[in-house]
Amino acid sequence: MIETEVLNVLTAALAPVLVSMEVPSPMPGTFVVLEKTGTSRTDQITTSTFAVQSWAASSMVGAQLCTA
């Protein structure tokens, strides 16, 4: 599944920050959530759309996760 591949890439790139497909409970101070929002197929090419949300104690730290 493409979700697993994307999750693995983000986990490796953002370590030691937790990356998961669900908001963890209890919520750690910093984490990233990956959500698959759609899939389409056109001309034998399948594409997937993802939302990647970063959570942190400040907006700056959250924004820095997005540039890693």
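Contact means heavy atoms within 4.5 Å. Leaving aside neighbours within four places in sequence, Leu10 is in contact with Val19, Leu34 and Val52.

## Basis of the values

This is a predicted model, in which local features need pLDDT of at least 70 and side-chain atom pairs count only at pLDDT 80 or more, while totals for chains, interfaces and linings use all residues. Residues are numbered from 1 along each chain as its sequence is written, and side-chain values use heavy atoms, with hydrogens and water left out.

## Helix 1

Helices (H or I, at least four residues) and strands (E, at least two) are DSSP runs, numbered from the N terminus. Helix 1 has 13 residues and reaches 18 Å from its first C-alpha to its last. That span is close to the 18 Å expected at 1.5 Å a residue, where the expected value is 1.5 Å times one less than the number of residues. Glu3, Leu10 and Leu14 are buried in helix 1 (under 20% relative accessible area, with exposed over 50% and partly exposed in between; 1.4 Å probe, protein chains only). Seen down the axis of helix 1, its buried residues fall within an arc of 40 degrees, so they line one face of the helix. The arc is that of the directions from the helix axis to the C-beta atoms. Glu5, Val9 and Ala12, on the other side of helix 1, are exposed.

Glu3 belongs to helix 1, which covers residues 2-14. Its relative accessibility is 16%, so Glu3 counts as buried. Not counting residues up to four places away in sequence, Glu3 touches Met21, Leu34, Lys36 and Phe50. The cover over the buried residues of helix 1 includes strand 1 (18-20), strand 2 (31-42), strand 3 (45-55) and helix 2 (59-66).

## Nonpolar core

A nonpolar core is a set of buried Ala, Val, Leu, Ile, Met, Phe, Trp, Tyr and Cys residues joined through side-chain atoms within 4.5 Å. The largest one has seven residues: Leu10, Leu14, Val17, Val19, Val32, Leu34 and Leu65. Helix 1 and strand 2 each supply at least two residues of this core.

## Strand pairing

Two strands pair if DSSP finds at least two bridges between them. Leu18 has Phe31 in strand 2 as its bridge partner. Ser20 is placed in strand 1. With a relative accessible area of 17%, Ser20 is buried. Its contacts, leaving aside neighbours within four places in sequence, are Leu7, Val32, Val33 and Leu34.

Strand 2 and strand 3 pair in the antiparallel sense over eleven bridges. Thr42 stands opposite Ile45 in strand 3. The hairpin of strand 2 and strand 3 has two residues between the strands, and Asp43 takes a positive phi near 50 degrees there.

## Aromatic pair

Rings of Phe, Tyr and Trp (its six-membered ring) pair if their centres lie within 6.5 Å; planes under 30 degrees apart count as stacked, over 60 as edge-to-face and the rest as tilted. The structure holds one aromatic pair. Phe31 and Trp55 form this stacked pair, at 5.4 Å centre to centre and 10 degrees between the planes. Phe31 lies in strand 2 and Trp55 in strand 3, so the pair ties together parts that are 24 residues apart in sequence.

Phe31 is buried, with a relative accessible area of 1%. Trp55 has 33% relative accessibility and counts as partly exposed.
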